[in-house]
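Here is a short report on a two-chain model. Look at the sequence and the structure first, then read on.

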2 protein chains.
Amino acid sequence: MPKISHKANAMPASPIRKLVPYSEAAKKAGRKVYHLNIGQPDVETPEVMLNAIRNFSMKVVEYSHSAGIESYRKKLAGYYKKHNIDVDFSEIMITTGGSEAIEIAMMTCLNEGDEIIVPEPFYANYNGFATQSGVVIKPVRSYIETGFALPSITKFEKMITRKTKAIMICNPSNPTGYLYTKAELEALRELVQKHDLFLFADEVYREFCYDGAEYTSVMHLTGINNNVVLLDSVSKRYSACGARIGALITRNKEVMAGAMKFAQARLSPPTFGQVAAEAAIDTPASYFENVKKEYTARRNFVVEALNKMDGVFCPNPQGAFYCIARLPINDADEFCQWLLEKFEYKGQTVMLAPATGFYFSPEAGKDEVRIAYVLKIEDLKNAMICLEEALKVYPGRKIMEQVKEKAI
Amino acid sequence: MPKISHKANAMPASPIRKLVPYSEAAKKAGRKVYHLNIGQPDVETPEVMLNAIRNFSMKVVEYSHSAGIESYRKKLAGYYKKHNIDVDFSEIMITTGGSEAIEIAMMTCLNEGDEIIVPEPFYANYNGFATQSGVVIKPVRSYIETGFALPSITKFEKMITRKTKAIMICNPSNPTGYLYTKAELEALRELVQKHDLFLFADEVYREFCYDGAEYTSVMHLTGINNNVVLLDSVSKRYSACGARIGALITRNKEVMAGAMKFAQARLSPPTFGQVAAEAAIDTPASYFENVKKEYTARRNFVVEALNKMDGVFCPNPQGAFYCIARLPINDADEFCQWLLEKFEYKGQTVMLAPATGFYFSPEAGKDEVRIAYVLKIEDLKNAMICLEEALKVYPGRKIMEQVKEKAI
């Protein structure tokens, strides 16, 4: 039997999806599982988007241009203008989800063995894309105590070697919910300019900023037009994860020309999804206002509930729909599995994502979990009750002395 | 300005799409261009497929399972059974087009520097996927004189080195239209078994076999269950190239487990396309009978017309919707560009794909073009008239002595 590749062996299994068999077993055993483990929002996809699909009128479902349907790219340029991002449609390449935008950006900009600095914890699949393209991730640690703010620029500079080619951020951040300030982004701008690095920014949660906080895009930064690669997606914006429509946006013409060759090899992004995404740009502002109101309420509820629990700490994030909480436990992986395998409260349990999957450093995040507050308040209430009850009886719970010591 | 990667520089631009600017210019100048350059069929997508999209009923366009929607995979297993391909749904992974199936197969099975033997001419994008994953293509040449039949197994064996990991075929073939016989596939089976190689088969043109010729799948071959990886797509089958739905099928559990890790990194294949593709399985047999009748008529017309032209030779292919013709010219790239830039006949011209783009060997195919007979007979008639007239006046035409010499 022929052997599979080293890369296939090295590819990390999804840390978010690895607990799925346990949740399936729990459901089969009749238990209700609250899914706070995955960023699949329950918010309905905008009507304009679904109507575009229901009114799909092409007789032949053709390939589109490899860079995407031109009318969509032009309309998308208009969408960005509303966010003060001034790009021409020729600077936009439509991709199959944000995932493909990241894959193509890595392959286009980094050689095998090149290094990319990423603040951790970070979106776990960056690991997969880096492994795929032979890129080496160098994590710079951010901490729950500061709400996962940008690590100091000195720390970044210490990581820079001859092989460093790029810095990658996610803003607002999955998994932390942290929203970078303008000052933090300006500091990154200087660093990127000084060392002539690429700056990749995954900004798929742009619409999810709370408390009136100001959103700054890497595209707002001046003097680094040739360094910035924006990675985007309609998945979260319109609660349309399954459409698989994203975008790679850059003013660097060489990067765009290189990226286009990868895009041509795979022919085109999905036509149905593009038709829907083009229509989605007309989603009324009220939709986003409602969504924002709903998520703010959910976040407020979850963060408050978590901080009220004995020995639990959760910073208050200003973006996306995630938060990371520190629990009085020693091993989040074991705890999350135990929740599904061994625990129930009134026939219910909760599924969380161990934060370890979002840290690159091996021992980091062992007492942290990521919570996606993507369910209705009523469900979140039940989920938080489950979690509180679970922590009371969990055999691996830290004794309070350990917790207090850490808190100091 | 930071530099792009070596890989981005090495990626081949699509040889099929590189002439697009010339055809756009021709159209802007008011000329009618007959597109025989690209496998974008004009056949309508089946009604059952379009209806499924028009009746799309999910309220939230969710991610699917990374391996695809389970009900679709199960139904697809039923589709394969009708073609005597006995696979369980767990042996099927849905991909974003056949393109992604090839990408994932290469990354899963071959290491950087490993060699894959491919009969040439072959589908040009195999080059792109190989470059992407650092795989080395070793071409085995097939010839127009034998209709592009499988090169002798001795030739394959001569190519095998310590680094050879796989053989890849396309059956029926794009770009040649050649349909491998059972005997040819049995010969490949023995070779693959003897050297314990992977056998990749791109069988996306399964439905397009003519003259009652028997279709043999690599999945019909016995004793090589762990070697075979089938690469499939709904693009051509249902004239739904834009749906971007394909599949990677293998009975090798290690390969499937490895492939799944790449699939999880990119989350899921497109939901809309999967819903449409699941419905498409109910396409009535009459649809395919009509399509087959239509393509047979088109092929008959084109091949006959080509062979009637002075100095032109075109074998009669039994599958797909392509043929390769040898023209009395010295440089197909120049000729195809000239057709768009300099030629017109009654305000019309024709766009062909130079065959050079499908050969790996640098000097091969210089007097050959690939013709996709994807237009209605009426359009094909005009296109063939254009070609015939063009060959009469083309300044780079070979003198007849050269043509005859080659024919001998």
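## Ground rules

Helices here are DSSP runs of H or I with at least four residues, numbered from the N terminus. The model is predicted.

## Helix 8 of chain B

Helix 8 of chain B runs through residues 182–195. It has 14 residues. From first C-alpha to last it reaches 20 Å, close to the 20 Å expected at 1.5 Å a residue.

Which residues of helix 8 of chain B are buried? They are Leu185(B), Leu188(B) and Val192(B). These residues sit on the same side of helix 8 of chain B, because they cover an arc of only 55° around the axis. Their cover includes strand 5 (164–170) and strand 6 (198–202) of chain B. The face turned away from the buried side carries the exposed residues Ala183(B) and Lys194(B). After helix 8 of chain B comes Asp196(B), with a positive phi near 50°.

Two cis peptide bonds deserve a look here. One runs from Asn171(B) to Pro172(B), with omega near -10°. Another joins Asn174(B) and Pro175(B), with omega about 20°. Pro172(B) lies in the loop between strand 5 and helix 8 of chain B. Pro175(B) lies in the loop between strand 5 and helix 8 of chain B as well.

## The nonpolar core

How many residues make up the largest nonpolar core? It has 264. Those with the most contacts inside it are Leu199(A), Ala276(A), Leu199(B) and Ala276(B).

Take Leu199(A). Leaving aside residues up to four places away in sequence, Leu199(A) touches Ile167(A), Leu188(A), Val192(A), Val218(A), Ile224(A), Asn227(A) and Val228(A).

## Where the chains meet

The contact between the chains takes 64 residues from chain A and 65 residues from chain B. On the side of chain A that touches chain B, the elements giving two or more residues are helix 1 (6–10), helix 3 (47–54), helix 5 (97–109), helix 6 (125–133), helix 9 (253–265) and helix 10 (271–280) of chain A. Which helix of chain A gives the most to that side? Helix 9 of chain A does, with seven residues. By type, the residues of that side divide into 27 nonpolar, 23 polar and 14 charged.

Helix 3 of chain A has its own buried set: Met49(A), Leu50(A), Ala52(A) and Ile53(A). Seen down the axis, these buried residues fall within an arc of 155°, so they line one face of helix 3 of chain A. What covers them comes from both chains, and includes helix 10 of chain A together with helix 3 (47–54) and helix 10 (271–280) of chain B.

## Two domains in chain A

The domain assignment of chain A gives domain 1 (6–44 + 286–407) and domain 2 (47–280). The C-alpha centres of domain 1 and domain 2 of chain A lie 26 Å apart. In the contact between them, 38 residues of domain 1 of chain A meet 32 residues of domain 2 of chain A.

On the side of domain 1 of chain A that touches domain 2, helix 1, helix 11 (285–308), strand 9 (322–326) and strand 12 (368–372) of chain A give two or more residues. Helix 11 of chain A gives the most to that side, with five residues. The residues of that side divide into 22 nonpolar, nine polar and seven charged.

## Positive phi in buried loop residues

Ala320(A) is not a glycine, yet its phi is positive, at about 55°. Ala320(A) is found in the loop between helix 11 and strand 9 of chain A. Is Ala320(A) buried or exposed? Ala320(A) counts as buried, because 29 C-beta neighbours lie inside 10 Å and the cut-off for burial is 20 or more.

Arg244(B) also has a positive phi, near 55°, in a residue other than glycine. Its place is the loop between strand 7 (228–233) and strand 8 (246–250) of chain B. Arg244(B) counts as buried, with 34 C-beta neighbours inside 10 Å.

Leu387(B) is found in helix 13 (residues 377–393) of chain B. Leu387(B) is buried, with 28 other C-beta atoms within 10 Å. Along the chain, Leu387(B) and Lys155(B) are 232 residues apart. Their C-alpha atoms are separated by 36 Å.

Notes
Residues numbered from 1 in each chain as written. Chains lettered and ligands numbered in written order. Predicted model: local features only at pLDDT ≥ 70, side-chain atom pairs only at ≥ 80, totals over all residues. Expected span 1.5 Å × (residues − 1). Buried ≥ 20, exposed ≤ 12 C-beta atoms within 10 Å, placed from the backbone. Arc of directions from axis to C-beta. Contact = placed C-beta atoms within 7 Å. Core = buried A, V, L, I, M, F, W, Y, C linked by C-beta atoms within 7 Å. Nonpolar A, V, L, I, M, F, W, Y, C, P; charged D, E, K, R; others polar. Domains from an automatic or database assignment.
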